[in-house]
Structures are given as structure tokens and as C-alpha cells.
Amino acid sequence: MSPHFSERAIILAPHGRDAAIAASILTDAGLGSTVVNALRDLVGELERGAGFALLTEEGLRTANLNPLALWLEAQPEWSDFPFVLLTQKGGGLERNPAAKRFLDMLGNVTFLERPFHPTTMVSLAQSALRGRRRQYEARSRLEELHRGADKYRSLFESIDAGFCIIDMVFDADGRPIDYMFVEANPAFERQTGLQGAVGRTMRSMVSGHEQHWFDVYGAVARTGERVRFEQHAEALGNIWYDVYAFRVGDPDAGRVAVLFNDISERRQMELALRESEERLRGLNETLEERVVERTEALERTQEALRQSQKLESMGQLTGGVAHDFNNLLTPIVGSLDLLLRRGVGTERERKLIEGAVQSADRARTLVQRLLAFARRQPLQATAIDIGNLVGNLFDLVASTCGPRIRVAIDIADPLPPAKADANQIEMALLNLAVNARDAMPDGGTLTIGAAPDQIKPGNAARLRPGAYVRLSVTDTGSGMDADTIAKAVEPFFTTKGVGQGTGLGLSMVHGLAAQLGGGLSIDSLVGRGTRIDLWLPATDARPEQASAPLEIDNSHRDCGIALVVDDEDLVRASTAHMLSELGYTVVEAHSGEEALRLMHGSDEIDLLVTDHLMPGITGTDLATKLRELRPGMRVLVVSGYAEGKGISPDLPRLTKPFKQSDLANCLAQL
């Protein structure tokens with residue numbers, strides 16, 4: 001290492017002009033320096049040689065210090081590399097707590113607080129160089145004292161191969177029976193697992209060591225012939241070694257040097273390669289069969305993808321149609337409700353109006369089910385009455401199954417409430433009913449049952465112990481074999497013809513049960529029918545009861561001014577008419593932008609009733625802006641979707657279509 005490199009300063013000051021100023025000061029003092037821009041470059045220059053390093057605190061604060069720490073740890077015993085660290089707060093721990101971190105890592109560090117006088121920097125630099133020169137002198141003396149021994153010991157301890165020197169032990173007949181370890185390097189311990197072997201015999205440490213090892217080393221000690229071999233040492237832990245052994249010292253001493261490597265991993269790879277080749281030969285023998293199977297699997301996957309895309313498109317289309325249908329139903333339901341409450345027409349005409357109202361309510365229910373199919377409804381688990389749910393669904397299931405299938409209901413009494421989502425359970429029952437119908441093409445009986453069930457630990461359904469409601473759907477159809485049952489809940493698996501089923505019915509029901517903390521099981525025999533049990537967690541909570549409709553007071557009173565916002569003219573007009581009858585003075589706006597203009601021009605508006613999905617500003621955005629203008633204003637958001645996506649949870653919401661009583665109930669809760 002030349003003096004130019006051994007006594008130069010390495011400067012790391014990546015911010016501002018600190019590096020240039022420091023280099024200039026050192027140059028004026030006759031000291032050489034090298035400027036680096038990153039910590040990795042600093043470590044590289046330190047490895048080439050240096051007298052000291054000049055660093056700035058901000059250059060270390062955000063850098064990865066691991067490379068520098070590793071370099072410092074790897075210093076030879078004679079080295080204690082000096083650092084000068086420029087700080088903003090000095091090196092005292094009471095003023096600069098971060099200094100302890102640098103002191104602990106750098107070790108030989110002098111802190112220089114900025115601003116400083118150039119003379120102070122030069123003095124610290126010269127002091128650091130003097131200390132470094134003394135370290136170089138100590139290194140020279142150590143090298144002279146230990147050059148010979150260090151060369152041997154360094155090689156002995158640094159090689160990755162295991163190495164040991166042994167003295168052979170022979171019995172009276174000259175048969176090798178043991179050997180004693182004279183020396184052993186660190187790699188010996190790593191590769192054999194034998195600790196503190198020097199001065200001990202192999203038999204004393206591993207009594208079951210195989211005799212062939214003693215025979216080989218004994219032959220080397222007697223003949224002086226060098227040997228190289230691969231051998232298995234089962235007693236050392238099922239290890240394979242690559243060994244090179246040769247005699248050393250006086251031939252009569254029986255001393256042998258052994259150099260070895262653990263090759264167990266290589267042997268395992270060779271074994272795995274042979275097994276892989278055997279499997280490959282087996283695969284080649286059945287290649288044609290596997291190609292056919294893979295082709296069929298690819299075709300099934302492609303068909304499943306088409307069915308999934310079709311289902312997704314149907315969901316999107318259904319959701320959009322249902323949203324528009326809700327907008328159409330809103331003025332119809334509102335108008336019929338007003339006519340019915342006013343008692344318009346003759347008795348026959350009022351019956352016709354009542355029939356129209358019932359049809360509109362059924363249409364609203366149908367739209368809700370369409371939205372559930374399109375997954376546009378909120379999925380929230382609450383306490384539900386399974387008995388009432390099944391009873392209300394009876395007519396729909398019966399009409400879906402057709403006249404050739406008898407539908408029966410078997411509900412236990414009493415039956416605790418179940419924690420589930422009513423819409424999800426309805427969809428699950430409809431899916432199971434359709435599957436049962438398809439399994440009974442010649443007719444049969446479909447039974448929907450529900451009963452309480454106490455699940456114990458270690459049950460076959462792998463449910464958590466506790467109270468459940470077991471909802472069952474049983475048919476007398478064709479049944480399933482064991483292979484079909486095993487695959488029945490896999491997505492897109494179906495036994496129906498192409499285009500006749502998506503294969504998602506049972507998988508959706510299975511996923512629903514798991515999501516709710518329950519489970520699903522299938523019990524079926526070919527020709528004997530199928531029973532599917534759906535376990536739902538029981539709950540102590542009481543099912544929510546539908547609130548009684550608010551009695552509407554049609555007497556004229558002044559409730560204030562209401563601003564109605566909707567881009568659909570008929571919906572807006574219907575809502576405005578309902579509010580007028582409830583005693584409000586109504587102001588209408590066809591968009592959020594128009595509503596904002598009206599609000600800026602009036603301080604008398606007390607209530608905002610706005611549609612959610614509109615061109616431009618949405619109802620939620622409009623409500624947020626108006627609440628900023630008028631913090632105390634009452635707000636009601638109306639949505640054509642049953643879901644609340646995009647609507648702030650703190651905003652009251654009313655779902656289309658609605659009657660005047662629904663509107664009055666919502667307003668009463670504001």
C-alpha cells in the first residue's frame with residue numbers, strides 16, 4: 001500500500017459545498033484527500049487504504065450503514081480506523097443524543113461542531129494521521145513476529161474444507177481400532193458436529209463409528225499411500241463425505257492428515273435427479289394419455305371462463321336494468337299510494353288501485369332479488385328468523401320447481417335466530433332448490449327443513465363447537481357418487497350439459513357458509529337422492545322487526561322549505577308531490593350544480609332530498625358541500641340501488657321505489 005493511499009483523507013459530504021471546502025482546507029495544509037458521494041464508495045476507498053475519514057452527520061443519517069459497520073468489524077486487530085464527524089450540535093450526548101449511535105458504530109471518532117475554524121479541522125486531521133501511523137507501525141511489528149505462524153494458522157482456520165490431523169491407534173495384532181485428534185480446524189466442527197475433539201479419541205465421542213473409516217486411515221498410516229474416496233458416515237448423522245487422506249511426519253508415528261467436505265446435498269441432488277429421470281420415463285410412457293387429459297382440462301377451463309364471463313355480464317346487465325326499473329317504479333308506487341290513501345274512485349276502482357299497489361310491491365321485491373343476484377345489495381349478517389324466511393320463500397320455490405315436484409317444509413319449533421344475511425340465504429336456498437329440481441326430471445319431493453343443532457368438538461363438518469341452526473334441502477332425485485360429491489363445491493364444476501349450468505351454485509353456497517362462520521355438508525347416494533345441510537351460527541340477538549308505518553298527517557302545516565334534486569323528471573315530480581302533502585314548500589333542481597346555485601341564493605331551505613347517482617355532482621358530494629355551507633341542514637339521499645356503495649355511511653338513505661309513508665318515516669328520524 002503506497003503512502004499516497006495509506007495517509008489520504010476520504011471525505012463523505014454529499015450535501016452542499018462541505019466536501020469542496022474540506023478538500024480545499026486539507027490541500028492547503030499539505031494533506032491529500034479523495035471525495036466520495038455515497039457510503040458504498042466510501043467503503044470501497046477505505047478498502048484501498050486511507051489515513052482517516054471526514055464525514056458529515058447528515059451524510060450518515062439516512063444512509064444504509066451496514067456496509068461500513070461490516071468493514072469496521074472486519075478490521076485487523078492492529079487497526080482502529082479514525083473518523084472526524086462534522087455535526088450541527090456537537091458530540092456531547094446531552095446536546096446531540098444521535099451522537100451515541102455514531103460513537104457506538106464508528107468507535108474511534110472525533111466530533112467537530114459546525115461552524116469551525118480551518119485550523120481546528122487541520123489539527124484534528126493531523127492528530128488522526130499520527131494515530132494511524134502508529135497503527136501501521138504496530139502492524140509491521142506484528143507481521144514480523146507472527147508471519148510464519150499466521151500463514152499456517154490463517155490457512156488452517158480459513159479454509160472451508162474440514163481438516164484434522166489424527167494419530168492412529170492399533171491393537172496388539174496391528175489392527176487399527178481407533179484414532180486420536182491432534183488438530184482440527186473450525187470447518188471440522190461445522191461439518192462433523194464434533195465439539196472439542198482435539199486430545200480425544202473417535203471411539204470416546206462416537207462409539208458406533210463404522211470400522212471401515214479406521215481401516216482406511218490405518219492403511220494410509222502404514223503404507224504412506226495417499227487416498228481419495230467418497231464414503232457414508234451414518235453414525236455422524238447420515239452424512240456423505242468426500243475425503244482426501246495422506247500420511248504426515250515420521251512414518252513410525254502413525255500420523256494422518258485428513259481433508260474432507262460434506263457432499264450430502266450433492267448426493268441428495270443426484271438421488272433426486274435419478275428419481276426425476278425415472279418419473280420422466282414414466283411420464284413418457286403415458287404421454288399420450290396425459291395430453292388427452294390436459295386437453296380436456298383446458299377445454300373445461302375455457303368453458304368455465306366463458307360461463308364466468310357470461311355470469312359477470314348478466315350481473316352487470318341485471319344491476320343496471322334493476323336500477324332503471326327502480327327509477328320507473330318510484331313515481332308509479334308513489335302515485336298509486338297517494339290515490340289509495342285519498343280514497344279516489346268507486347269501490348271497484350279502489351280495488352283496482354289496491355291490485356296495482358300489490359303488483360308494484362311484488363315488482364319492487366323482484367327488483368331487490370335481481371339486485372341480490374347482481375351482488376348490488378349490502379351483505380351484512382344480522383339475526384334472522386329462518387322459519388319466516390323459508391315460509392316467505394315457499395311460493396317462489398314451488399313455482400320454480402314446477403307442478404311435478406312436491407315442496408314440503410319441516411321447521412322445528414322452537415328455532416333460535418341465525419346470524420346470517422337474509423338475501424344471501426334466500427339466494428342459497430334458490431340455488432339448492434334449482435339443483436334439486438334438475439336432479440328430479442321425472443318429479444319427486446323437495447323438503448326444506450330447519451332445526452337447532454349443538455355442535456361438539458371433533459365434529460365431521462369441522463365446525464367450531466357451539467350452537468347452530470341446521471338448514472337442510474333434501475330431494476328424492478338421482479343422487480351423486482363419491483367422486484361427484486368430492487368435486488361438487490369446486491367453482492365451475494357441473495354435471496349438466498354445456499350451457500345448462502355455470503357450476504357456481506354449490507360453490508357460492510359453500511363460500512357463503514364459510515363466510516358466515518358455518519359450514520356445508522353433502523349426503524347423497526346414487527338413485528336415492530341428496531341431502532345438503534347448511535349450518536348457520538345461532539345467536540341470542542332478536543331478529544329485527546319491521547317498523548310500523550308512520551301515521552301520515554295530511555293536515556296542512558308548514559314544515560319548512562325542501563330542496564328536491566333528481567335528474568329524472570318523473571321521480572323528482574313524484575317526490576316533490578309527496579313532500580308537499582307532508583307540509584313542505586318544495587323547490588326542485590334537476591342537477592347538483594343547479595342545487596348549489598339555489599342554495600347560494602337562499603338561506604331558508606331546511607331539508608335536502610337528493611338522488612345519489614346523477615350526471616356531474618353525485619348526491620353524496622352535494623350533501624357534503626351543502627353541509628359545509630349549512631352545518632345544521634337535514635339531508636336524505638335517495639338511491640336506485642339497494643347497495644350503499646359510494647354513499648357516506650353518516651348520510652341517511654332511502655331506497656327507491658318508496659311510498660309516502662317510507663319517506664315520512666325517514667324524515668321523522670332525521
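This is a predicted model: local features need pLDDT of at least 70, side-chain atom pairs count only at pLDDT 80 or more; totals for chains, interfaces and linings use all residues.

Trainee: Okay, what covers the buried residues of α10?

Mentor: The cover includes the strands β6 (162–170), β7 (176–184), β8 (227–233), β9 (239–247) and β10 (255–262), along with helix α9 (202–205).

Trainee: And which residues in α10 are buried?

Mentor: Trp213, Phe214, Tyr217, Gly218, Val220 and Ala221. Looking down the axis of α10, they fall within an arc of 160°, so they line one face of the helix.

Trainee: What span should α10 have, and how far apart are its end C-alpha atoms?

Mentor: With 13 residues (211–223) at 1.5 Å a residue, α10 should span 18 Å, and its end C-alpha atoms are 19 Å apart, which agrees.

Trainee: Switching topic: how many residues are in the largest nonpolar core?

Mentor: It has 36 residues, and Leu446 and Leu536 are among those with the most contacts inside it. Helix α15 (residues 422–438) gives the most to this core, seven residues. There's also a second, separate core of 26 residues, including Leu194 and Leu236.

Trainee: What does Leu446 touch beyond four places in sequence?

Mentor: Its contacts include Val397, Cys401, Ala433, Met440 and Val473.

Trainee: Where is pLDDT under 50?

Mentor: Residues 373–378 are one such stretch, and 497–504 is also below 50. The chain averages 81.

How values were computed:
Residues are numbered from 1 along each chain as its sequence is written. Side-chain values use heavy atoms; hydrogens and water are left out. A nonpolar core is a set of buried Ala, Val, Leu, Ile, Met, Phe, Trp, Tyr and Cys residues joined through side-chain atoms within 4.5 Å. Buried means under 20% relative accessible area, exposed over 50%, partly exposed in between (1.4 Å probe, protein chains only). Helices (H or I, at least four residues) and strands (E, at least two) are DSSP runs, numbered from the N terminus. Contact means heavy atoms within 4.5 Å. The expected span of a helix is 1.5 Å times one less than its number of residues. The arc is that of the directions from the helix axis to the C-beta atoms. pLDDT is the predictor's confidence in each residue, from 0 to 100.
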